[in-house]
Amino acid sequence: QVQVVESGGGLVQAGGSLRLSCAASGSTFSINVIGWYRQAPGKQRELVATASIGGTINYADSVKGRFTISRDNAKNTVYLQMNSLKPEDTAVYYCNAHYLSNGRWINTWGQGTQVTVSS
């Protein structure tokens, strides 16, 4: 099993920065892809950025050039550096790990961390 816990959310003014952290525990060696999603009020959860074990990184078009995902494998932690934040980035940010367990692919989610960007 794999568990993920997010931290680092908060309130920031437009144009500011925040860094989110996602600490993974358990069978972290089985993780294939880990990343960030977000859900704003009244909207569906959407992909923000993901990083695969093979090094492939994906970003939503809306965050390209502003957000950076990175991994510290020694700490089993994934970071999301968010710069030039906009009010439309306001959402609950969730960490997701996609991993193999007993021959099945499983998605696990953290509890989420609130990011609020004021104009």
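Start by selecting Q3, which sits in strand 1, residues 2–7. Strands here are DSSP runs of E, at least two residues long, numbered from the N terminus. Before you click on, keep in mind that this is a predicted model, where local features need pLDDT of at least 70, side-chain atom pairs count only at pLDDT 80 or more, and totals for chains, interfaces and linings use all residues. Residues are numbered from 1 along each chain as its sequence is written, and side-chain values use heavy atoms, with hydrogens and water left out.

**Stop 1: around Q3**

Is Q3 buried, exposed or partly exposed? Q3 has a relative accessible area of 38%, so it counts as partly exposed (buried is under 20%, exposed over 50%, partly exposed in between, with a 1.4 Å probe and protein chains only). Now show what Q3 touches: leaving out residues up to four places away in sequence, you get A23, A24, S25 and G26. A contact here means heavy atoms within 4.5 Å. For a sense of scale, pick S118 too: from Q3 it is 115 residues away in sequence and 31 Å away in space, C-alpha to C-alpha.

**Stop 2: the core**

Next, select I34, W36, L80, M82 and Y93, the residues with the most contacts inside the largest nonpolar core, which has 30 residues. Such a core is a set of buried Ala, Val, Leu, Ile, Met, Phe, Trp, Tyr and Cys residues joined through side-chain atoms within 4.5 Å. Strands that each supply at least two residues of this core include strand 1, strand 3 (18–26), strand 4 (31–39) and strand 9 (91–101). Strand 9 gives the most, with five residues. In soluble globular proteins, nonpolar side chains tend to be buried together.

Zoom in on I34. Among the residues it touches, not counting those up to four places away in sequence, are V4, C22, I69, V78, C95 and N96.

**Stop 3: the disulfide**

From I34, move to two of those contacts, C22 and C95. A disulfide joins C22 to C95, S to S 2.0 Å (the cut-off is a pair of cysteine sulfur atoms within 2.5 Å). The pair links distant parts of the chain, with C22 in strand 3 and C95 in strand 9, 73 residues apart. Both C22 and C95 are buried. The torsion about their S-S bond is about -75 degrees, so the disulfide is left-handed.

**Stop 4: N96**

Step along to N96, also in strand 9. N96 counts as buried because its relative accessibility is 6%. Which backbone oxygen lies 3.5 Å from a polar atom of the N96 side chain? That of T108. Other residues that N96 touches include Y37 and W109, which are your next picks.

**Stop 5: the ring cluster**

Show the rings of Y37, Y94 and W109, which ring pairs link into a cluster. Rings of Phe, Tyr and Trp (its six-membered ring) pair if their centres lie within 6.5 Å; planes under 30 degrees apart are stacked, over 60 edge-to-face, and the rest tilted. There are two aromatic pairs by this rule. Y37 and W109 are edge-to-face, 5.1 Å centre to centre with 70 degrees between the planes. W109 is partly exposed, at 36% relative accessible area. Y94 and W109 have ring centres 6.4 Å apart and planes at 85 degrees, so this pair is edge-to-face. Y94 is buried, at 14%.

Key
Helices (H or I, at least four residues) and strands (E, at least two) are DSSP runs, numbered from the N terminus. A polar contact is a pair of N or O atoms within 3.5 Å; within protein, one must be able to donate a hydrogen and the other to accept it, and residues adjacent in sequence count only if both atoms are side-chain atoms.
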